[in-house]
Amino acid sequence: MSALVTAVAVLGVITALTTSVTAIQRGQTPHHLEVVAAFFVAIAVGECLRVWLPGGRDAAPIGTAAALAFALLPHQGGWSTYGSGTVIVVVTAATLVGVSPHLLSGRFVDRDGVAHRLITTGVLAVLFRSVPVGPQGPLSAVVEAWTRNRWAVALVMVGLVALTMLLDTALASALRSARDRSRLRSVLRDELRSIVGMGSAIGSTGILIALATRPMHLVALPVFLAPLMLTQFAFRRFATVRETYNQTIRSLSRVTELGGYTETGHSVRVAELALAMGRDLGLSERDLRDLEYAALLHDIGQLSLAEPIPGGATLMAAPGEQRRIAGLGAEVVRQAGVLDAVATIVELQTASYRREGEDDVPLASRIIKVANAYDDLVGDTLEGGRRSAGLERIGLGLAREYDPRVVASLSRVLAQV
Amino acid sequence: MIWDDWMGGELSIESRRVHVFVSVVALVAIVGTVVAARNWPVQRWLPVLALSALCVIGDQWRVRRLPNDTDLSFNAIVQLAALVLAGPVAALVVAASPALFALRNRRLITQVFNVAMMAVVTLVAGTSYYVFGGAWGQGQGSSSTLILLHVAVPLMLANSAQCLANAALLAGVISLDQKVPYREVIVGILRSGGVAYVGYGIFGLLLAVLWDGAEIGALSAVLVLAPLFVARWAFAQYAEEHAAHDRTVAALVRAVEAKDFYTRGHSERVAKASVLIARVVGLSQQRTSTLHFAGMLHDVGKLAVPTRVLQKTGALSDEEFAAIARHPVRGLEMVREMEFLGEAFKGILHHHERLDGRGYPMGLSGTSIPEFARIISVADAFDSMTSTRSYRQARDVEQALVELDRCVGTQFDPTYVDALHTALERTAWQPTTTVDPVAAVVEGVDELDHDDPRAPIRRQVATPHRGVG
């Protein structure tokens with residue numbers, strides 16, 4: 001999937017490059033090179049100022065907005081008469097320049113993301129500047145005539161940008177689902193949800209720049225990109241605090257280990273396994289986060305025990321005791337006041353599938369039950385025999401203790417490793 | 001405006017100085033409004049009406065209260081746009097419109113102050129726009145040079161003046177009401193929101209320029225709103241997540257403390273006392289927040305100490321003491337992956353060091369003990385003495401301070417003991433009332449809680465552990 005997207009991007013750029021070169025050979029150089037240069041700089045700088053959005057998305061909002069504006073710039077008085085080929089070539093070159101410091105210093109850059117954004121910007125440029133829609137030519141020429149109804153021009157741009165963003169989201173989802181081995185539908189839903197925020201800010205900034213160049217010329221570019229910089233800053237802070245939150249829960253989940261209540265690495269292993277199963281079963285990003293936190297904290301109730309359970313394996317404790325520990329853990333988590341969903345998951349992690357039924361026990365609890373049982377049986381081993389023995393033992397409790405759908409997911413997840 | 005509402009809540013009724021201050025601000029607001037209305041009449045009402053509606057809607061949509069360093073109200077932005085489109089009085093009308101619709105359940109004096117401050121701040125913005133050569137009304141969008149000289153630059157300067165005026169008035173009322181030095185308050189306010197305030201002012205420019213210059217009229221407001229709402233949303237998410245994080249840490253610390261009945265709430269109180277000290281010695285906001293976490297987490301390592309040893313009231317054997325003395329190191333191990341803690345790591349590891357070098361785990365002395373650790377050790381001892389233990393009742397604050405003074409130089413850094421004195425003069429300390437009465441105060445026990453400075457000094461039996469960094 002990733003290779004395909006990169007190939008399409010490279011092909012598109014080569015085509016654009018050829019068209020541009022032919023155009024230049026025919027003597028059609030773009031007028032007003034300073035416009036091209038200004039957007040080149042803006043896109044390159046924007047791509048360099050990358051940001052991690054919540055949910056682990058690598059993005060360059062400023063670069064993307066500048067690229068959208070460059071693709072949508074109206075002809076107005078002939079100072080942006082370049083074609084879609086020029087847009088693609090300039091955006092690609094600027095992106096590469098902007099990303100190169102990151103690549104050289106070895107920092108992670110989402111290459112697939114860069115590739116699919118180039119494709120969608122190219123599509124936008126072609127739709128606006130090259131596809132003829134009437135006798136006057138492409139949209140970029142048609143809207144020139146609407147001098148009295150400038151708001152209609154804005155509406156056309158909004159429509160085009162929305163279309164571009166949808167295409168981009170679809171590509172991003174396909175790539176992400178292939179990478180994370182998660183279901184396309186739930187990934188698409190998550191990506192659409194995330195695009196509503198940052199995406200609309202990027203899109204409207206792009207449109208605003210394109211419209212504002214009419215009265216303000218190139219001044220519009222820095223002036224209107226600056227607020228987006230602050231939006232980006234807000235998102236970075238959001239992503240940072242979320243990362244911090246994750247670290248805190250991860251660390252504090254280990255207090256039971258250091259206090260001698262549970263086996264080393266147990267919580268983190270259960271969380272990893274539970275996450276893989278959650279993705280396999282198509283949980284949404286939000287539900288996955290709750291699942292992860294609940295899995296990390298599933299043994300926190302043991303802190304209230306006077307004496308640690310031998311080896312910390314809750315599977316060995318009596319069912320009543322297990323339920324009591326889960327209840328105590330839920331109480332601890334509920335104290336936070338902000339993790340009620342997580343507390344419920346922790347509370348119901350011991351519920352047996354058959355007795356409580358599917359409706360009353362959240363899927364996340366059923367996942368944790370299986371992941372916890374598997375880790376208690378198998379532990380930190382890669383030994384094949386012990387692993388299959390663990391699976392087998394869980395299989396014995398199928399349809400009575402464990403949800404068969406979740407157990408099937410466990411086998412699938414284990415088969416992937 | 002970011003600080004348009006005074007976030008401090010209610011004014012204390014006793015303070016006459018607050019009343020005088022509010023009256024002066026209100027008087028300036030009234031006089032200023034009359035003068036402005038005479039000199040700068042509003043020429044076009046359409047943008048004024050549209051922008052007022054926007055302001056009202058925006059104010060209604062402000063669902064959650066955000067901490068004031070992250071809130072972003074776009075009223076200031078819309079006011080700046082109104083200033084460019086129709087002049088200072090238009091901006092004043094737009095600014096006042098939400099007040100008519102949103103009569104919150106607040107005391108009269110708070111409302112008067114908020115409205116008066118808003119009026120003064122808007123007038124400051126309008127006047128400085130005029131002074132710096134700004135032009136308003138139709139036809140400002142003919143060329144980019146004109147826009148830059150007569151709209152953009154004056155508007156940015158006006159926005160900065162607006163920000164300063166807002167911070168100055170707000171700091172005035174807060175410092176009078178809460179008796180905190182004015183400088184401290186205004187620096188805090190500007191540091192927490194100044195950049196965002198000036199940054200988002202650009203949106204005001206954008207709105208005005210698009211309205212007239214790009215001839216798309218009221219649609220410009222809609223287009224401008226989108227990024228604005230997203231920014232607010234992101235700030236709101238950040239604030240929410242930040243608060244959630246704090247509460248989660250507190251809940252988990254409480255869970256760890258549950259092991260020992262007598263130390264419940266200890267960590268939170270140590271964190272609080274450390275922050276009080278930090279405020280007096282003037283630690284930056286960032287460091288103070290880190291110190292708070294250090295205080296919260298300084299004792300998590302006690303989880304690794306057997307409950308039996310922690311709760312023992314008699315003399316400790318060498319092994320038992322060694323087990324207790326390991327808790328800072330174990331604590332550090334537990335939280336090591338929480339990267340944001342940074343400087344807090346040293347505070348956690350060294351909070352039982354003594355100035356004379358007879359503490360643990362590393363036996364550091366004097367200024368080689370990290371600052372955070374020196375602060376926390378004072379707060380730790382103070383809370384230990386003012387709360388109930390299994391073998392004694394809580395002492396009162398004066399007694400505890402006397403005890404701290406006695407140990408200055410040997411155990412505690414005088415700077416922070418003095419700072420605690422100062423802090424407690426400003427803020428009253430609530431000594432803990434443990435829920436259960438102490439069932440049996442053990443008489444004649446010579447061994448004390450190890451956080452208590454009166455506890456005899458012990459040499460660590462085990463070899464010292466490696467430190468951080």
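The model is predicted.

Student: How many helices and strands does chain A have, and what share of its residues count as buried?

Tutor: Start with the secondary structure. Chain A comes to 18 helices and 4 strands. Next take burial, where the cut-off is under 20% relative accessible area. Of the 417 residues of chain A, the share that counts as buried is 57%.

Student: Take Ser365(A). Is this residue buried or exposed, and which residues does Ser365(A) touch?

Tutor: Ser365(A) sits in helix α16 of chain A, residues 363-378. Its relative accessible area is 1%, so Ser365(A) is buried. Set aside residues up to four places away in sequence, and Ser365(A) touches Thr344(A), Ile345(A), Leu348(A) and Gln349(A).

Student: Now the interface. How many residues of chain A are in contact with chain B?

Tutor: A contact here needs heavy atoms within 4.5 Å. Chain B brings 56 residues to these contacts. On the side of chain A, the number is 52 residues.

Student: What area is buried between chain B and chain A, and what percentage do carbon and sulfur atoms give?

Tutor: The area counts what both parts lose on being put together. Between chain B and chain A that comes to about 4800 Å². The carbon and sulfur part of this buried area is 74%.

Student: How many residue pairs are in polar contact between chain B and chain A, and how many salt bridges are there across the interface?

Tutor: With both residues at pLDDT 80 or more, the count is 8 residue pairs in polar contact. Then apply the salt bridge rule across the interface of chain B and chain A. It finds 3 salt bridges.

Student: Which residue of chain B forms a salt bridge with Arg242(A)?

Tutor: The rule asks for a nitrogen of Lys or Arg within 4 Å of a carboxyl oxygen of Asp or Glu. For Arg242(A) and its partner, the closest N and O atoms are 3.3 Å apart. The partner in chain B is Glu241(B).

Student: Which element of chain B gives the most to the side that touches chain A?

Tutor: The elements of chain B that give two or more residues to this side are α6, α7 (182-213), α8 (219-257) and α13 (327-335). The top contribution is 24 residues. That comes from α8(B).

Student: Back inside chain A. Why does the salt bridge of Glu285(A) with Arg57(A) tie together parts apart in sequence?

Tutor: The closest N and O atoms of Glu285(A) and Arg57(A) are 2.8 Å apart. Glu285(A) lies in helix α12 (residues 285-296) of chain A, while Arg57(A) lies in strand β2 (residues 57-59) of chain A, so the parts tied together are apart in sequence by 228 residues.

Student: Which residues are linked with Arg57(A) in a network of salt bridges?

Tutor: Another salt bridge in chain A joins Glu191(A) and Arg176(A), with the closest N and O atoms 3.5 Å apart. Glu191(A) counts as buried at 8% relative accessibility, and Arg176(A) is buried at 16%. In the network, Arg57(A) is linked with Arg176(A), Glu191(A) and Glu285(A).

Student: In chain B, what separates Arg406(B) and Glu403(B) along their helix?

Tutor: The side chains of Arg406(B) and Glu403(B) meet in a salt bridge, 2.6 Å from N to O. Arg406(B) is exposed, at 56%, whereas Glu403(B) counts as buried, at 10%. Both are in helix α16 (residues 397-406) of chain B, 3 residues apart, so the separation is about one helical turn.

Student: Last, the nonpolar surface patch of about 540 Å². Which element gives the largest share?

Tutor: The patch is made by Tyr130(B), Val131(B), Phe132(B), Leu148(B), Val153(B) and Leu157(B). Two elements of chain B give two or more residues, α5 (108-131) and α6 (144-178). The largest share is 3 residues, from α6(B).

Conventions
Residues are numbered from 1 along each chain as its sequence is written. Chains are lettered from A and ligands numbered from 1 in the order in which they are written. This is a predicted model: local features need pLDDT of at least 70, side-chain atom pairs count only at pLDDT 80 or more; totals for chains, interfaces and linings use all residues. Side-chain values use heavy atoms; hydrogens and water are left out. Patches are made of residues with over 30% relative accessible area and no salt bridge: like charges are joined within 9 Å, nonpolar side chains (Val, Leu, Ile, Met, Phe, Trp, Tyr) within 5 Å. Accessible areas come from the Shrake-Rupley method with a 1.4 Å probe; for residues, only the protein chains shown count as cover. Buried area is the accessible area (1.4 Å probe) that two parts lose on being put together, summed over both. A polar contact is a pair of N or O atoms within 3.5 Å; within protein, one must be able to donate a hydrogen and the other to accept it, and residues adjacent in sequence count only if both atoms are side-chain atoms. Buried means under 20% relative accessible area, exposed over 50%, partly exposed in between (1.4 Å probe, protein chains only).
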